[in-house]
2 protein chains.
Amino acid sequence: MLQVRDGRLQVLLWQRAREPFLGAWSLPGGYLERGETLAQSIRRHLAQKVDVRELAHLEQLTTLSDPGRNPLDWELATAYLGLVPRDVDPEVPEDTTWHPVSQLPELAFDHREIVLAGRERLRAKLSYTNVAFALAPPEFSISELRELYVAALEREVSATNLQRVLLRRGVLEATGQRRESGRAGGRPAALYRFRSRRLEITDEFAVLRPPA
Amino acid sequence: MLQVRDGRLQVLLWQRAREPFLGAWSLPGGYLERGETLAQSIRRHLAQKVDVRELAHLEQLTTLSDPGRNPLDWELATAYLGLVPRDVDPEVPEDTTWHPVSQLPELAFDHREIVLAGRERLRAKLSYTNVAFALAPPEFSISELRELYVAALEREVSATNLQRVLLRRGVLEATGQRRESGRAGGRPAALYRFRSRRLEITDEFAVLRPPA
DNA sequence: CTAGTTTTTGCCTGTGGGTCGAAAACCTCG
DNA sequence: CGAGGTTTTCGACCCACAGGCAAAAACTAG
C-alpha cells in the first residue's frame, strides 16, 4: 500500500512477530485460502491492518517464485500494488507504520524489490494512465495534484504542463468550484476532479502510434 | 508462445488429452515442482513440446486465481509470454499446432484471455521497448522487420518511419551487409541487427517526460 | 537502353509536450 | 484605498519527433 504523506511517497509496513525475519519490517499479507481469489485474499489480510474501503486502487504486480526467498520453507508470493488517496489517514495498529519509499529500512524476504517495483509501476502509469485518481482526493487544485506527482516521481513537474496535458486528454474535468485563498492571499485555485475513478489507459502510448 | 508465421501472429496450442476440457485446445504448461522457479517450470514443460533454445524471450504475464477457472479442482496458474524468432520452425508433436491469434478456436480454461493478454502486452512493448528482437532473425532488412510489426500489430506501419525511429533510438544498427535483389530486381536492401538481444526499455515513455 | 521493382533518403507537416513570462485574482498592511 | 506580495492561470513561443509523400538510388529483366 502506497500513499503520499507529508509530500513523500510512503509504504505501509509492519514489524514481523514471527520467524523468519523476526523483528524485520515487511509488507502486509498472508496465506491464500481455498476457493479465494488473490485479490480477495489481499483485501482480507489488509483488513486486519487498516480500513480497506480506503483503498482506491489495487493491481497485481508479479508472482515471486525463487525457492530461496523464504529460508525456512518453500513458498510463492503474489505481490499487489495498492494505492490510498491523500485525504484519508487510516487507523493502523501498534506494530504498523508508514515509511518513505526512498528511505526503506531492512526489509524481510524480497519485500524491498517488491516495494521498488511497485514504485516503478506507479511512476510509469502516472504518465500514460489516470492512476493519479487513486492518490488524489475527490477534488483538488492543480497545484495540489502537482505535489502528488512530484512526491511520486521525485522530480520537478510543471503545473502549467500538467494541467494542459491532463485536460487535453480529458482525464480531468473542472468542478466549477474554487478554493478559498490561503492567509498569504493569492488567486483562488480552481478545483478539478478525475472524470473516471477507475484505471484507464490514456492512449496507446505515444510512440509508433496508429495513423490517426 | 507466439511467433509470426505466414505473415500472421500465431500461438502454439495443443489438444487436451484429459478432462477437464478434453479435446479442447489449450496452452502448453503444467504443474510446478517443489524448489523450482516458475520460469524454470515453464521451460521444463515447454521442452516436452519444442526445443526451448528457440525461445528468444520469456516474461511473466499474470497470475490467475478465479476459483471457477478449473471446474474440477481449485488451482492457480501463472501465465507467461514466450516469443520465437521468425527464422526458426520448431519441431512439434502430433497434438500440437500453431493457430492465428486473430482466429482462435474455443480454448480450455481461461486460456483465451491469456492469449489475448499476451498479444496486448506484445503490442504495447513493440512501441516502447526492443522486444521485436525476439520475433526477428539475427539479421534482417527494414521491410522484413516491417512485416513483423504489421503482423503483430495488425495495422499498417510505414517502413520509412520505422527505420528512422528505431535508428534514432539506437535500437538497431547496420551490419554493413546488403541482401541480394529478388528476381524482380529492386534496390538491394541493407541489413540490420538489434544492438541488444535482451529486453530494454526505450525511455520512460514519452508522455510527461523528464525535463531532459 | 528502357521499363519495372524495391529500397532509401530528404523534405515538409502537424501534434503535442516543455518553458517562460505576463496577467489575473486574492490577501495584508500601511 | 492603494501598494506590494502571493498564488494561480493563461497565452505565446520553441522544439523534438513521428507521419507521410515523393523523388532518388540501385538493382533485374528484356
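Helices (H or I, at least four residues) and strands (E, at least two) are taken from DSSP runs and numbered from the N terminus. With that in hand, let us walk through the structure. This is a predicted model, in which local features need pLDDT of at least 70 and side-chain atom pairs count only at pLDDT 80 or more, while totals for chains, interfaces and linings use all residues. Residues are numbered from 1 along each chain as its sequence is written, and chains are lettered from A and ligands numbered from 1 in the order in which they are written.

Chain A has 4 helices and 9 strands, and from the N terminus on its elements follow the order β-β-β-α-β-β-β-α-β-α-α-β-β. Taken along the principal axes, the C-alpha atoms of chain A fill a box of roughly 60 × 50 × 30 Å.

Now look at how some of the helices of chain A meet. Helix α2 (residues 111–128) and helix α3 (residues 142–153) of chain A have axes that come within 9 Å and cross at roughly 140°. Such axes are lines fitted to C-alpha atoms, for helices over the stretch in contact, and the angles run from 0 to 180 degrees between N-to-C directions. Angles under 35 degrees count as roughly parallel, over 145 as roughly antiparallel, 65 to 115 as roughly perpendicular and the rest as oblique. α2(A) and α3(A) are therefore oblique to each other. On the α2(A) side the contact is made by A:L122, A:R123 and A:L126, and on the α3(A) side by A:Y149, A:A152 and A:L153; two residues are in contact if their C-beta atoms, placed from the backbone, lie within 7 Å. By class, the contact of α2(A) with α3(A) has 5 nonpolar, no polar and 1 charged residues. Here Ala, Val, Leu, Ile, Met, Phe, Trp, Tyr, Cys and Pro count as nonpolar, Asp, Glu, Lys and Arg as charged, and the others, Gly among them, as polar.

Follow the chain onward to the next pair of helices. The axes of α3(A) and α4(A) come within 9 Å and cross at roughly 100°, and these two helices are therefore roughly perpendicular to each other. In this contact A:I142, A:S143, A:L145, A:R146 and A:Y149 of α3(A) meet A:A159, A:L162 and A:Q163 of α4(A). The residues of the contact of α3(A) with α4(A) divide into 5 nonpolar, 2 polar and 1 charged.

Next come the strands. In chain A, an open sheet of 3 strands has the order β7-β9-β8, with antiparallel pairing. Its edge strands are β7 and β8 of chain A, each pairing on one side only. Two strands pair if DSSP finds at least two bridges between them. Strand β7 (residues 140–141) of chain A pairs with strand β9 (residues 190–194) of chain A over 2 bridges, and A:S141 stands opposite A:L191 in β9(A). Strand β8 (residues 172–178) of chain A is joined to β9(A) by 4 bridges, and A:R178 has A:A190 as its bridge partner in β9(A).

Turn to chain B, where 3 strands form an open sheet in the order β7-β9-β8, with antiparallel pairing. β7 (140–141) and β8 (172–178) of chain B stand at the edges, each with a single partner strand, so one side of each is left without a neighbour in the sheet. β7(B) pairs with β9 (residues 190–194) of chain B over 2 bridges, and B:F140 stands opposite B:Y192 in β9(B).

Finally, find the DNA. Around DNA strand C there are 29 residues, of which A:G185, A:R187, B:G185, B:G186 and B:A190 come nearest; a residue is near a molecule or strand if its C-beta atom, placed from the backbone, lies within 6 Å of it. α4 (159–168) of chain A, together with α3 (142–153) and α4 (159–168) of chain B, each supply at least two residues of this surface, with α4(A) giving the largest share, 4 residues. The surface near DNA strand C has 11 nonpolar, 13 polar and 5 charged residues.

DNA strand D is surrounded by 27 residues, and the closest are A:G185, A:G186, A:A190, B:G185 and B:R187. α4(B) gives the most to the surface near DNA strand D, with 4 residues.
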